[in-house]
Amino acid sequence: MSTNPFKITLLISILSIAIALTLIWGTAQTAPSIIRYSTLSNTPYIKVESINVTSNGVYIRLALINNGTLAFKPTGGWVEVVDTGQVVNVTVINGTVIAKLPLTPQWVSLASVGVKGIVSGVLNGSGAYIAFFDVVPIHVINTIGIADVSYADCVLNVTLSVDTVVPVVIGPIINMSLFTVSTPGYYVFETVGVVNATIYALAGSHNVTLMIRVSPVLGRYTYVYSCNYLSGFSKYTLWLPIGVTYMYPTGNVTSYTLLTKTFVVGGGS
């Protein structure tokens with residue numbers, strides 16, 4: 001009796017397929033235990049920590065994250081702000097990486113920006129580079145404070161230190177008062193309600209003087225106890241709740257803040 005070659009070939013093929021399927025199944029079961037995943041969890045990297053927009057420039061602070069045993073020491077590099085096209089070299093101070101850019105008009109209308117760059121340095125004794133890219137919200141810093149105060153003949157002069165990235169209108173005033181720093185304390189004057197005294201200040205860092213004639217014409221509830229400093233008292237506090245309107249290209253934004261100044265008449269502060 002002769003053997004059919006076709007049947008033999010078919011049986012061998014079926015057997016081979018069965019063996020292959022068995023091997024594939026076995027490999028799938030053991031793969032998780034023999035595969036080792038490689039990640040960047042143990043390598044240093046750079047991220048943008050903060051972006052502060054001030055009247056003196058834009059400050060970008062980079063954070064170096066050193067993981068594991070690979071220690072990276074930054075020595076230089078550069079950053080580019082994608083949204084403004086500005087490129088600048090970084091400065092490394094005591095391991096802190098900072099970039100300073102000129103303040104351009106685009107910044108006052110941005111909420112966040114993309115920042116990319118390369119930080120050069122030394123990694124375990126050898127030269128190395130770390131590339132990075134982040135999209136980061138910006139922080140606009142505007143500050144207004146009282147630099148000096150004078151009061152005589154019912155005229156109050158308040159010198160304001162202005163440090164803003166956009167022009168501002170300072171005022172009106174709500175419920176201001178001048179009183180002695182003593183026990184008990186005595187009022188020189190006080191107002192209840194809105195005092196419509198305002199002053200315009202350009203963007204930048206400078207001083208402006210707000211002059212207020214303190215008298216009942218300011219409003220019905222204006223109480224003037226003296227047109228000059230009180231005799232026998234040298235230390236005073238000015239209490240000045242005031243509105244500030246920031247004139248952004250996208251629209252004006254008004255906020256209210258409390259400005260205070262304690263000072264000594266005839267010198268000191």
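This is a predicted model: local features need pLDDT of at least 70, side-chain atom pairs count only at pLDDT 80 or more; totals for chains, interfaces and linings use all residues.

Author: Residues are numbered from 1 along each chain as its sequence is written, and side-chain values use heavy atoms, with hydrogens and water left out.

Reader: How many salt bridges does a search of the whole structure find?

Author: The criterion is a side-chain nitrogen of Lys or Arg within 4 Å of a carboxyl oxygen of Asp or Glu. Searching the whole structure on that basis, the number of salt bridges is two.

Reader: Which strands hold glutamate 49 and arginine 61?

Author: These two side chains form a salt bridge, with N to O at 2.6 Å. Strands here are DSSP runs of E with at least two residues, numbered from the N terminus. The bridge ties together parts that are 12 residues apart in sequence, because glutamate 49 and arginine 61 lie in strands S1 (residues 45-54) and S2 (residues 57-65).

Reader: Lysine 116 forms a salt bridge with which residue?

Author: Lysine 116 belongs to strand S7 (residues 112-123), and its partner, 36 residues apart, to strand S3 (residues 72-81). The closest N and O atoms are 3.8 Å apart, and the partner is glutamate 80.

Reader: Is aspartate 153 buried or exposed?

Author: Buried means under 20% relative accessible area, exposed over 50%, and partly exposed in between, with a 1.4 Å probe and protein chains only. Aspartate 153 sits in the loop between S10 and strand S11 (155-164), and has a positive phi of about 55° although it is not a glycine. Its relative accessible area is 61%, so aspartate 153 is exposed.

Reader: And cysteine 154, buried or exposed?

Author: Cysteine 154 is also in the loop between S10 and S11, with a positive phi of about 65°. Most residues other than glycine have a negative phi. The relative accessibility of cysteine 154 is 11%, so the residue counts as buried.

Reader: Which side chain joins that of asparagine 142 in a polar contact of 3.2 Å?

Author: A polar contact is a pair of N or O atoms within 3.5 Å; within protein, one must be able to donate a hydrogen and the other to accept it, and residues adjacent in sequence count only if both atoms are side-chain atoms. Asparagine 142 lies in the loop between strand S9 (139-140) and strand S10 (143-152), and counts as buried at 19% relative accessibility. A polar atom of its side chain is 2.9 Å from the backbone nitrogen of valine 165. The side chain at 3.2 Å is that of tyrosine 248.

Reader: What is omega for the cis peptide bond that joins threonine 183 and proline 184?

Author: Most peptide bonds are trans. Proline 184 is in the loop between strand S13 (177-180) and strand S14 (187-191). For the cis bond from threonine 183 to proline 184, omega is about 0°.

Terms used: Helices (H or I, at least four residues) and strands (E, at least two) are DSSP runs, numbered from the N terminus.
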